Amino acid sequence: MNITSTGFLAILVDEGRKAVRHQGFTEAGAMDKHSFYLANTLVGNSISAPAIEILIGRFEAILTCDLLVSVTGADCDIFVNDERFASNTPIFAAYGSKLLIVHKGKGARSYLAFSASINTSQFANSQTTCLSENNGGLEGNGNALSVSSKLDLRPKIKTSEINRRICVFNQHSKEILPLITSSQVHPKQHYSLEFISAYQSSLFTHLDFVRFCNQVYTVSSDSNRMGVRLHAKPLNTRHIDFGLLSEGMTLGAIQIMPNGLPTIMMQERQTIGGYPKIGCLTPRSISKMGQCLPENSVEFKQTDLYSARQEFLMHNRALKVLASVLKGNEKCLKST
Amino acid sequence: MKSTLNQWMQAYEISHFEVASFNGLIFYFKGTDLNTKSTNVSRFYETIQSHCALWVTELVPSYASCLVEYDAFASDHHQVLAKLTEMPNTIPDHSLNDRLVNQPSVHRIPVWYCVTQAQNDLGLVATEKNLSVDEIIKLHTKKEYKVYAVGFQPGFAYLGELAAELSMPRLAKPRVKVPRGAVAIADKQTAVYPNSSPGGWHILGLCPLDLRQKATAINAFKVGDSVRFEAIDAAQYEAILSSQNESKIG
């Protein structure tokens, strides 16, 4: 695949690095895992296969082999040789055709998955691009994709299998639709985010929680793959001890800064940090955060550990059923 | 006999633990000082790591805590606690190779305390602390430091504790660019910058070793390890630097 336009930022991503944070390497990986997993599932890949994350894009590429592709995530128009296609569907893109993805408003990141493996160096079982550490990705040096990038793709399935999969999708579209709907994060300008209380939540007063959960936060333009900064009326932090020892930080941890405003720790966060944390987002809410653009708004709702885990397991169940149905296993539909 | 959660916490000197995410728990350790807390963290971290439990996906030890993330398909918080309490608190007898990986090691880090280089704060520290440059070098190389945490950037080890005579607050105005290999101090800590980055620590010298490469190597800094600094001169610094470049080409 030869890239001819990248949009604001297009990078090769996967699930992220594994078991290296104790050495100071960040996790990195797809910012909206829900859309990333769905894109891979739609083309018959394992959910963790590398895909392209396109930030508010006008992404254009010329195909160098027959591929089954799919685009998920942010609202966008998709064209293959000027023929229009819907997002969240498997699309046949033939050798030599032009693929165009144009962002049109809601959501920040689109995911382009393809039925091919890609040859790059690996670090900690991952091919993901890490912008903050200058490693990983297509060239192994953390560079984003550019207009001259050529992706060395090895197709995983034959053209006949591509056509068969699209047939299966069309035949069962009615049954498949609810599975897709429950597997994706819908692009919006305002999200309600769920969190579980975690870490230093006991340092915060009941009033802090009430305020935290009852105001609308605006996403700051000073946000990136390391963290998302939010603005609203600050929490009162006078009673909080900020002299904490640095400790391991989880994905989605909600750090309260000395100015009383939250920063959500995202894929390229530092591995350890010493600001107090009031809680941690659920996996679905982390994906929603990954779709937020500056000036979008969010509000927080507290949930419990069991609901968060339940939501995670149900989401993965939906993806597994979807993968099985798309393969042509109709029995799966009856069991749902 | 299975130990209860309380007994288990006592055995590991765990003061308390908290939820850290839907698939993570963070354990905090007791200790009268940072050194004792850090020793307890290391013992916990090394024991879990040595059992190679497949349900553990990430272990992040730090100053006085250890974050444990687990495979959410395999376990939940209750089961993880049960599994941890059932885990023998001894490190299993591994092959020699595994021992090398798991046991704390001593790292010897050569430092050129670059009196001649413009980009260091030796002079500033000397004036502020009323010490000669030689005394600073002596104080900095005299102690064996302990790795309290690894983070900030890959392979960046927070080492403690610095001699009280050298303890300085961070620079009022952080440097936009701290050179790669800079050996620096802040408060009661010292560290080597594996990579060039912005930073607010006072720089004392330069280390010629490529700590970026070391970060992924088998002898990477890990919490609980010991570090000694050894003073070298400009010629030795250049020699190590060029020998490293050669070995990379070869």
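Biologist: What makes H3(A) and H6(A) a packed pair in this predicted model?

Modeller: Two packed helices are described by the angle between their axes and the distance between the axes. Here helix H3 (residues 173-183) and helix H6 (residues 305-327) of chain A pack at about 145 degrees, with axes 9 Å apart. Their crossing is left-handed.

Biologist: Which residues make the contact?

Modeller: From H3(A), A:Glu175, A:Ile176, A:Leu179, A:Ile180, A:Ser182 and A:Ser183. H6(A) brings A:His315, A:Ala318, A:Leu319, A:Val321, A:Leu322 and A:Val325. By class, that contact has eight nonpolar, three polar and one charged residues.

Biologist: How do you know that chains A and B touch, and how many residues are involved?

Modeller: Residues count as in contact when their C-beta atoms lie within 7 Å. On that basis, 28 residues of chain A are in contact with 32 residues of chain B.

Biologist: Which element gives the largest share of chain A's side?

Modeller: H6(A), with four residues. Strand E16 (247-248) and H6 of chain A each supply at least two. By class, the side of chain A that touches chain B has 13 nonpolar, ten polar and five charged residues.

Biologist: Why does the radius of gyration of chain A agree with a compact globule?

Modeller: Because a compact globule of 336 residues would have a value near 20 Å, and chain A has 20 Å. Its C-alpha atoms fill a box of roughly 65 × 45 × 35 Å along the principal axes.

Biologist: And what share of chain A is called buried?

Modeller: A buried residue has 20 or more other C-beta atoms within 10 Å of its own; such residues make up 50% of the 336 in chain A.

Definitions and conventions. Residues are numbered from 1 along each chain as its sequence is written. Chains are lettered from A and ligands numbered from 1 in the order in which they are written. This is a predicted model: local features need pLDDT of at least 70, side-chain atom pairs count only at pLDDT 80 or more; totals for chains, interfaces and linings use all residues. Axes are lines fitted to C-alpha atoms, for helices over the stretch in contact, and angles run from 0 to 180 degrees between N-to-C directions. A crossing is left-handed if the near helix is turned anticlockwise from the far one by less than a right angle, and right-handed if clockwise. Two residues are in contact if their C-beta atoms, placed from the backbone, lie within 7 Å. Ala, Val, Leu, Ile, Met, Phe, Trp, Tyr, Cys and Pro count as nonpolar, Asp, Glu, Lys and Arg as charged, and the others, Gly among them, as polar. The radius of gyration is taken over C-alpha atoms; the globule rule is 2.2 Å times the number of residues to the power 0.38. A residue is buried if 20 or more other C-beta atoms lie within 10 Å of its own, exposed if 12 or fewer, and partly exposed in between; C-beta atoms are placed from the backbone.
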